[in-house]
Amino acid sequence: MRRLLVALALPAALAAQQPVADSPALAKALAVLQADNAWTLQKQVALCEIPAPPFKEQARGIAFKNEMVALGYANTYIDSVGNVVADVQGAAKGPTVLIEGHLDTVFPEGTDVRVKRDGTRMIAPGIGDDCRGLAVVLSAARAVKQANLKFAGRVLFVANVGEEGPGNLRGTRHLLGTAYKGQINYFISVDGTGMHITNKGVGSNRYNVHFKGPGGHSYGAFGMPNPIHAMGRAIATISEIQVPKSPKATFNVGIVSGGTSVNSIAMEGIMDIDMRSESAEELAKVDVQVRKAIDDAVKAELARWPASKAGLSVRIDTIGIRPVGIQADDAPIVKTAIAVAATFGVKPPLGSSSTDSNYPISIGVPAVTIGGGGIASGAHSWSEWYDDGPNGYVGPQYALRLVATLAGVAP
Ligand SMILES: [Zn+2]
């Protein structure tokens with residue numbers, strides 16, 4: 001039995017690739033990334049200082065495209081949803097690898113995105129998440145040109161839109177689900193900083209829930225159901241939902257609004273709720289309980305005022321659904337990513353998160369999200385900072401050697 005299990009496990013283990021041997025061109029490209037590290041950091045800052053709120057990534061996308069064209073990727077284009085794509089045909093037969101960093105930030109229009117310095121520390125919203133990823137993709141593409149490195153397979157260098165919450169992975173969905181459907185063999189997202197491998201995608205369901213009633217005077221019309229009260233009942237029930245620690249499942253009502261004045265029975269109560277899990281089953285269970293809590297709350301609020309003719313309605317709008325992406329710790333692409341990291345003396349932690357890799361993993365395309373090197377803190381906050389440390393250049397080197405390993409290198 002034991003022997004049989006080992007035999008069955010073997011093919012998967014064999015499918016993981018050993019890090020590609022450094023051809024002279026690959027060695028040169030890696031050396032360029034170290035020698036021209038200042039260029040990488042300069043582009044990270046320049047891209048960060050172009051605002052890119054959700055759905056408003058255009059200006060940053062155009063800047064990224066211009067950089068790619070200037071590097072010699074003349075066929076770089078911006079697709080119908082705003083992704084910037086440089087499609088590099090392989091020199092021989094080999095798999096197709098897509099590597100991307102995301103253009104969008106969580107910060108609204110008007111946010112001061114100028115980069116401030118404190119010693120070697122660079123401080124600005126988005127400087128790490130994901131201007132680091134963009135700089136890694138850009139500098140890797142530059143090193144490829146400088147070293148005249150030819151991949152065996154096809155490589156797509158991408159700056160994508162829509163990674164953050166409201167974007168709902170629309171850039172990556174478009175690339176993997178429509179534009180290059182069935183054509184991508186390996187997917188790499190460079191998201192954030194440090195050296196880590198995200199191999200599991202936390203799924204999420206996010207809703208905007210709208211409770212509605214006729215409303216009225218708080219004194220004169222007293223005795224009718226109140227949408228805010230109904231919403232309060234729902235939140236109270238939701239807050240008591242029991243979830244397992246493993247596989248982790250979570251819920252959060254993050255925003256509430258509604259009402260017009262203290263002495264009016266509200267006409268509407270609105271809440272945004274987020275549920276997450278690395279298990280599709282657990283996520284579905286929380287979802288069912290949340291929907292029941294909302295339904296029951298409306299019924300209870302109506303039952304509280306049996307004499308009232310006023311009704312209550314509720315509408316649940318989807319803000320975003322991110323599929324759960326389960327990929328084993330010993331999946332070939334994960335083992336390959338670990339093996340390539342080891343060539344730099346790094347043992348990156350594996351983890352689960354909600355990133356662009358969710359989508360490819362959910363449709364069966366091997367995918368990892370890796371960090372772009374350096375050290376950082378405060379992602380999604382105004383005090384976000386990035387420090388390149390003594391060897392930030394290892395981030396882009398790691399990304400490039402991983403691409404080269406997966407795509408293969410032409411002699
Ligand atoms: Zn990010």
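Guide: A definition to begin: two strands pair if DSSP finds at least two bridges between them. The model here is predicted.

Visitor: Which residue in E6 is the bridge partner of Val85?
Guide: Start with the strands. E2 and strand E6, residues 155-160, run antiparallel and are joined by 5 bridges. Within E6, the residue bridged to Val85 is Val158.

Visitor: Which residue in E2 stands opposite Ile78?
Guide: Strand E1 covers residues 77-78. E1 pairs with E2 in the antiparallel sense, over 2 bridges. In E2, the residue facing Ile78 is Val84.

Visitor: Which residue in the hairpin of E1 and E2 takes a positive phi?
Guide: Look between the two strands, where the hairpin has 5 residues. One takes a positive phi near 115 degrees, and that residue is Gly82.

Visitor: How many residues of E2 are buried?
Guide: Strand E2 spans residues 84-88. Buried means 20 or more other C-beta atoms within 10 Å of the residue's own. E2 is mostly covered, and of its 5 residues the buried number is 4.

Visitor: Which strands stand at the edges of the open sheet of 4 strands?
Guide: The sheet's order is E4-E5-E18-E17, with antiparallel pairing. An edge strand here has a single partner strand, so one of its sides is left without a neighbour in the sheet. The edge strands are E4 (116-118) and E17 (375-377).

Visitor: By how many degrees are neighbouring strands of this sheet turned against each other on average?
Guide: Direction is ignored for this angle.

Visitor: In E18, which residue is the bridge partner of Ile123?
Guide: Strand E5 holds residues 121-123, and strand E18 holds residues 385-387. The two run antiparallel, joined by 3 bridges. In E18, Ile123 is bridged to Trp385.

Visitor: Is Pro108 buried or exposed?
Guide: Pro108 is in the loop between strand E3 (97-102) and E4. Pro108 has 10 inside 10 Å, so its class is exposed.

Visitor: How many Å apart in space are Pro108 and Pro54?
Guide: In sequence, 54 residues separate Pro108 from Pro54. From C-alpha to C-alpha, the separation in space is 7.4 Å.

Visitor: Why is H5 described as largely enclosed by the rest of the structure?
Guide: Helix H5 runs over residues 131-146 and reaches 22 Å from its first C-alpha to its last, close to the 22 Å expected. Asn148 follows H5, with a positive phi near 55 degrees. H5 is largely enclosed because, of its 16 residues, the number buried is 14.

Visitor: Within the side of domain 1 that touches domain 2, how many residues are polar?
Guide: Domain 1 is 9-201 + 324-407, and domain 2 is 203-322. Their C-alpha centres lie 38 Å apart, and 10 residues of domain 1 are in contact with 11 of domain 2. On that side of domain 1, 3 residues are nonpolar and 1 is charged, while the polar number is 6.

Visitor: Among contacts between residues at least 6 apart in sequence, what percentage join residues at least 24 apart?
Guide: The protein has 11 helices and 18 strands. Its C-alpha trace spans about 85 × 60 × 40 Å along the principal axes. Of its 411 residues, 49% are buried. Among contacts between residues at least 6 apart in sequence, the share joining residues at least 24 apart is 80%.

Conventions. Residues are numbered from 1 along each chain as its sequence is written. This is a predicted model: local features need pLDDT of at least 70, side-chain atom pairs count only at pLDDT 80 or more; totals for chains, interfaces and linings use all residues. The expected span of a helix is 1.5 Å times one less than its number of residues. A residue is buried if 20 or more other C-beta atoms lie within 10 Å of its own, exposed if 12 or fewer, and partly exposed in between; C-beta atoms are placed from the backbone. Two residues are in contact if their C-beta atoms, placed from the backbone, lie within 7 Å. Domain bounds come from an automatic or database domain assignment. Ala, Val, Leu, Ile, Met, Phe, Trp, Tyr, Cys and Pro count as nonpolar, Asp, Glu, Lys and Arg as charged, and the others, Gly among them, as polar. Axes are lines fitted to C-alpha atoms, for helices over the stretch in contact, and angles run from 0 to 180 degrees between N-to-C directions.
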